[in-house]
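Open the model in the viewer and keep the selection panel at hand. The stops below go from one selection to the next.

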Amino acid sequence: MRPEELLHSTPQGLYSPAGDFFIDPTRPVARALVTHGHSDHARAGHGAVLATRRTLDIMAIRYGEDFAGTTQAAAYGARVEVNGVGVTFHPAGHILGSAQIALDWRGCTIVASGDYKPGADPTAEPFAPVPCHVFISEATFGLPVFRHPAPAREIARLTASLALFPERAHLVGAYALGKAQRVMALLRAAGHERPILIHGAMERLTEYYRAQGIDLGDIRPARDAPAAKRAGAVVICPPSAMTDVWSRRFPDPVTAFASGWMRIRARARQNGVELPLILSDHADWDDLQASILATGCQELWVTHGQEDALVHWARLAGLEARPLHMVGYGEEEAEGAPPEGTAPETAGPEASPPEAAP
Amino acid sequence: MNRFAALLDRLAYEPRRNGKIRLIADYLKHTPDPERGWALAALTGALSFRNAKPGLIRQLISERTDPVLFALSYDYVGDLSETVALMWPAPHGRNDTEPPPLSAIVHAFTHMGRAEMPAVLAGLLDRLDETGRWALLKLITGGLRIGVSARLAKTAVAALGELTPDDIELVWPGLSPPYEALFAWAEGHGARPETDDPAPFRPVMLSHPVEDADFAALDPAAFRAEWKWDGIRVQAVRAPGADGRHVTRLYSRTGEDISGAFPDLAEALAFDGAVDGELLVLREGRVQSFNVLQQRLNRKAVTPKMLGEFPAHIRAYDLLAEKGEDLRELPFDARRARLEALVAAHPEAGRLDLSPLVPFASWEELAAARADPAAHGAQSEAEAVEGVMLKRADSFYLPGRPKGPWWKWKRDPHSVDAVLMYAQRGHGKRSSYYSDYTFGVWTEAGELVPVGKAYFGFTDAELIEIDRFVRRHTVNRFGPVREVVHTPTEGLVLEVAFEGLARSTRHRSGLAMRFPRIARLRWDKPPGEADRLETLERMIGDEGHAPRRASGVLGKGRSPAQGA
């Protein structure tokens, strides 16, 4: 049997003919399996959604309780059948609740990994490789220039800047779901005990992380903080808010940006970033290679990102490999990419969050 | 090296002048000698390594990485040093030894031969992290490009204690890395460092362009005026050394020793002092145009024929020292009197003369002289006059560009010195030449912003020179476009003539130039001294009453005479 009978790419996303469902469809469909809560993967309006409990909760926070016709929670490691196709969710280490989805059918196993990272992250369930025949990987950072440094080292750069410029607020641009909470957790791990101020667009998601038992310390809405409290404070906001009128309440801030793209100087400068923090929730070049090899797969399909380089590497490594040329993914990392003032084409509803909480 | 790399990394992203000063001062304060001295040398452009070429870096990376992955990565990142720094494969068995300090790296690269370099450089890249690798590659290839001028770095040294940046400037030319005595002085636990060079360079005093609006606040009686000669600013210094023998040096405005290029002039000088003046070519006692001077400047070898055809000459306008006495803290009038006496006593076989004062009683009178120098004393040399200089009679000789004491009032307001930033290949018969030039001027924050694009005005010979410059100084490629080096110390200054300025939202500078063309190549001028955006901004303000006449001579880009 050909693996494509179990899963192949369509303009709406990955589709399983055998099980009649989509994985992370970009348009409303009858039955969707969702890897994680980022809005380029998790969209509202599907008939039925199968995802982890936490992903379903996050979708409900972002889109409202009625974001899908019916929902079903998948537990990590528990196999369920969908129209005869075996489906098992495994942790992906990307953000809270994120999952790789393993499909097994007639002796063939395909793992759609969604977005993933093997590195340690106190705010996400740890990634584990899943043995399979076909591994489907993203390649957001699929070039040898992308090797993410240790997160603690990047956070140390932020705390060193706080020491050098104690009178200036440090505005940290970070994606509202996942990255923002990870920055908070990393700061706490580095011994930063002052209250962290956050933008309204990330209040409910941050509250959800804390309700799930993730300790983030003293987190306060930026809008309630008196001017005196803002001086020298870490303020976390969505990247788009950094150039928004919202940011004017912080006189002369140091502008930081937490993203894997910050490794490329031109990217950081295009965004007017003064303190680039290379913090990514995606696998870097070494992680991609190690993760792919760890699955023991014979075949690699690459969904989006720097497909050419990863496919080239995989072929040199003796794997069958091909790009799927899928569009519509990569939104949360792409936020760091375009120059200010131009919205990314793939931007979802959260690209320009209002100050009020959603 | 790690601390220095971290400093460069922060500086590269810090847009604020004060922020940069603070970062550098913080580094200098917490870094011991001699490390901080070598860092200061790197920041002030005092280091150069001749054997480290981009070709070597390409060779090292191609021996270690897959060519397809390198090509994809380079294409993505766009900068060779950065690409190599990021994708350099970490050696097997992590090397946790501390990388050598900056001083050891500078020492190694200064003294090693070309043959040893690949192995030494590769060994260092193995031991550094990516920020360290980036900093090292930028350092040894001479393109830091972090928006830090030498002046800014000296300001940070001054910030270590109670000194002013000018205090640092005054002692700077006699110093060499690692500047231990300078730091001791700046931190208040050492004496002012003295130079033992008998003929040191003294930092030059520069002027601001004067605008129409400035005149209301200026009293004509407080100023002296001179012709602004269209030559090259030089400082001629001659003094006895410890052994009693005289040392003679000609310095460019940046302190570069150019005596070797003008032996005819250097040999003729017999005074004991430091003269500030304009280097010109005189034939039969008459100043020749800049184009004639440039023919001599363009020649590499000094031949007897050239010495005969293009005799070099100094037209003096200031005296900074005489017989061991520092005159810089005398007012202009007093220095002028000393200068006149010195020139009278030392005609130097016709190689030295005095730049005359231009008499005037009101700004209207001076405007008339500026508009028609031939009728106001410049006579047959009027073609070599590019405007007038205004100097306060009581002005001390201060290093740098203090605002107020000295002004320049150029004849053609529609001409700026801009820095070449990008070059694009032309079309048709120029398709193999980089002939379309995007140039920029400096913002207040010390960044270059593009202000226009020009593709004519230069001669065919100049096109070949620029093309060669572009190919040798490319730092980035974007299809047919090359970005060339454009730091305050490295790059090519273009004198750009244009017909007018308008506000524009299409350009990042907010300005659009009408009919710009390259009037002249200023190989002699460091990019840091090119014009500033604020100068152009003021030109817009002047548009209403400033003349906008087209120039008849493209190669020169000058209007015959323009009234005020």
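Helices (H or I, at least four residues) and strands (E, at least two) are DSSP runs, numbered from the N terminus. This is a predicted model, in which local features need pLDDT of at least 70 and side-chain atom pairs count only at pLDDT 80 or more, while totals for chains, interfaces and linings use all residues. Residues are numbered from 1 along each chain as its sequence is written, chains are lettered from A and ligands numbered from 1 in the order in which they are written, and side-chain values use heavy atoms, with hydrogens and water left out.

**Stop 1: loops of chain B**

Select Pro178(B), which sits in the loop between helix H11 (165–171) and helix H12 (180–186) of chain B. Most residues other than glycine have a negative phi, and most peptide bonds are trans.

Now go to Pro34(B), in the loop between H2 and helix H3 (35–43) of chain B. A cis peptide bond links Asp33(B) to Pro34(B), with omega about -5 degrees.

**Stop 2: the interface**

Show chain A and chain B together. Contact means heavy atoms within 4.5 Å. By that rule 34 residues from chain A and 27 residues from chain B take part. Buried area is the accessible area (1.4 Å probe) that two parts lose on being put together, summed over both. Chains B and A bury about 2700 Å² between them, with 52% of it on carbon and sulfur atoms. Select Arg10(B), Tyr13(B) and Tyr76(B): they supply 30% of the area that chain B buries against chain A, more than any other three residues.

How many salt bridges does the rule find across the interface of chain B and chain A? There are eight, a salt bridge being a side-chain nitrogen of Lys or Arg within 4 Å of a carboxyl oxygen of Asp or Glu. For an example, select Glu130(B) and Arg263(A), which form a salt bridge whose closest N and O atoms are 3.4 Å apart.

Next, colour the side of chain B that touches chain A by helix. Helix H1 (2–13), helix H2 (17–30), helix H5 (67–77), helix H6 (80–87) and helix H9 (130–141) of chain B each supply at least two residues to this side. H5(B) gives the most, with six residues. By class, this side of chain B has 13 nonpolar, four polar and 10 charged residues; Ala, Val, Leu, Ile, Met, Phe, Trp, Tyr, Cys and Pro count as nonpolar, Asp, Glu, Lys and Arg as charged, and the others, Gly among them, as polar.

**Stop 3: a sheet in chain A**

Two strands pair if DSSP finds at least two bridges between them. In chain A, six strands make an open sheet with parallel pairing, in the order E14-E13-E15-E12-E16-E17. Strand E14 (219–221) and strand E17 (275–277) of chain A are the edges, each having a single partner strand, so one side of each has no neighbour in the sheet.

Zoom in on strand E16 (residues 254–258) of chain A, which runs parallel to E17(A) and is joined to E17(A) by three bridges. Ala258(A) has Leu277(A) in E17(A) as its bridge partner.

**Stop 4: a sheet in chain B**

Return to chain B for an open sheet of four strands, with mixed pairing and the order E1-E11-E10-E2. Pro209(B) stands opposite Lys408(B) in E11(B). Finally, select helix H16 (residues 332–345) of chain B, which lies across E2, strand E10 (385–392) and E11 of chain B, at about 55 degrees to E2(B).

Notes. Axes are lines fitted to C-alpha atoms, for helices over the stretch in contact, and angles run from 0 to 180 degrees between N-to-C directions.
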